[in-house]
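Student: Please show me how to read the contacts between side chains in a model.

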Amino acid sequence: MSTLSRSVPVVAGVLGAGGIAVAALPARLRMRAELRRRWRTWAFSAPLFLGAFFLGSAGVALFAAGLGVVAVLEYVRMAGLTRADRAVLTAAAVALPALAWLAPEALGPQLALGVLLLAAGPALLTADATTGFTRASRTAFGLLWIPLGLTCLVLLGDTALAVGVAVAFGDVGAWCGGTALGRRGPLARRLSPLSPNKTWAGVVGCAAATAGALAVLGSFTPLVWTAVLVGCVVGDLLESMVKREAGVKDAGSWLPGFGGLLDRIDSLLVALLLTAGVMAR
C-alpha cells in the first residue's frame with residue numbers, strides 16, 4: 001500500500017474526529033473560537049497537500065512553488081529585504097522545485113554554490129556598503145530555508161508526504177502534550193526564551209505524535225523520526241527568532257488560527273531538509 005493511500009483515510013479520520021471534538025467544545029472555553037478556526041484551516045489545507053501528491057511530481061512541484069512564493073513574500077517583509085532580494089528569492093522558489101521535477105540531476109553542489117553567490121548579487125550590484133552584508137546573509141539564509149526546503153517535497157517523494165503528515169500531527173501532539181503535562185513539574189519548563197509558550201511537555205507530545213504518524217504510514221525509521229522531531233522543534237524556534245528580531249507576532253494574518261504561511265510550515269521546512277540529509281547517508 002502506498003503512502004498516499006495510507007494517508008488519505010488517516011488524515012480524513014483525524015480531521016473528522018477533530019471536527020466533532022471542536023464542535024462539542026463548551027461555549028465557555030476560552031480557546032474555543034481559536035481551535036475552530038485552526039480546524040477549518042486544517043480541513044482546507046489537508047486536501048490541497050494530499051491532492052498535490054495525487055497529481056504526481058508535477059503537482060508537488062507546482063504546490064511547492066506556490067508555497068515558496070507566498071512564504072518568501074512573508075520572509076522578505078520580516079527580514080527587511082529589498083525588491084531585488086525578493087526577486088532572487090522568488091525566482092529560486094519557482095525554479096528549484098521545477099528543476100527537482102524536470103532535471104533532479106542538476107541539483108548538485110555547483111548549483112548550490114551558484115545560488116548562494118546569487119544571494120549576494122543585489123547588494124553587490126548596488127554597492128550597498130551600509131547593509132549589503134546583512135542583506136546578502138539574510139537572502140542566503142532565506143534561500144536555504146524556504147526554496148531549498150520546499151524543493152525537498154519533490155525530491156523525497158512519498159517520504160515527503162509522510163513527513164508532512166507527521167509534522168502536522170506533531171503540531172497537534174505538542175499542543176496536547178503541553179496542555180496535559182505542561183502545567184507543573186519538570187516537563188513544564190520552558191523550552192527556550194525564543195518561544196515562552198513552548199515547554200518540554202510539548203516536545204514529549206510531539207515525539208509521540210510524530211512517531212505514531214510515521215508508523216501508521218509505514219515510514220518510521222529512527223533516523224527519519226529524529227529528523228522530523230528535531231525539525232518540528234527547531235523549525236518553530238527558528239521562525240520565532242526571525243519574528244522576534246523583526247518585532248512581529250506572526251509572519252502574516254491571512255491564515256485563520258495560525259497567522260501567516262510561514263507560521264504553519266516553519267517546522268516542515270526544517271524537517272524536510274533534515275530528512276533529506278539523513279536519507280542521503
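Student: Is Glu34 buried, partly exposed or exposed?

Tutor: Buried means under 20% relative accessible area, exposed means over 50%, and partly exposed lies in between (1.4 Å probe, protein chains only). Glu34 has a relative accessible area of 24%, so Glu34 is partly exposed. This is a predicted model, where local features need pLDDT of at least 70 and side-chain atom pairs count only at pLDDT 80 or more, while totals for chains, interfaces and linings use all residues. Residues are numbered from 1 along each chain as its sequence is written, and side-chain values use heavy atoms, with hydrogens and water left out.

Student: With which residue does Glu34 form a salt bridge?

Tutor: A salt bridge is a side-chain nitrogen of Lys or Arg within 4 Å of a carboxyl oxygen of Asp or Glu. Glu34 has Arg38 as a partner, with 3.6 Å between the closest N and O atoms. Arg38 is partly exposed at 27% relative accessibility. Helices are DSSP runs (H or I, at least four residues) numbered from the N terminus. In helix α2, Glu34 and Arg38 are 4 residues apart, which is about one helical turn. A network of salt bridges links Glu34, Arg37 and Arg38.

Student: How many salt bridges does the structure hold?

Tutor: There are 10 salt bridges. Among them is the one between Glu239 and Lys243, at 3.9 Å from N to O. These two residues are also 4 residues apart, about one turn, in helix α10. Both Glu239 and Lys243 are buried. Another joins Asp128 and Arg135 at 2.9 Å, N to O, and Arg135 is buried at 8% relative accessibility.

Student: How many aromatic pairs are there?

Tutor: Rings of Phe, Tyr and Trp (its six-membered ring) pair if their centres lie within 6.5 Å; planes under 30 degrees apart are stacked, over 60 edge-to-face, and the rest tilted. By this rule there are 7 aromatic pairs. In one, the ring centres of Trp42 and Phe258 are 5.7 Å apart and the planes stand at 90°, so the pair is edge-to-face. Trp42 belongs to helix α2 and Phe258 to the loop between α10 and α11, so the pair ties together parts 216 residues apart in sequence. Trp42 is buried at 17% relative accessibility, and Phe258 is buried at 10%.

Student: Which charged residue sits over the ring of Phe258?

Tutor: A charge sits over a ring if NZ of Lys or CZ of Arg is within 6 Å of the ring centre and within 35 degrees of the ring normal. Here the charged end of Arg264 sits over the Phe258 ring, 4.8 Å from its centre.
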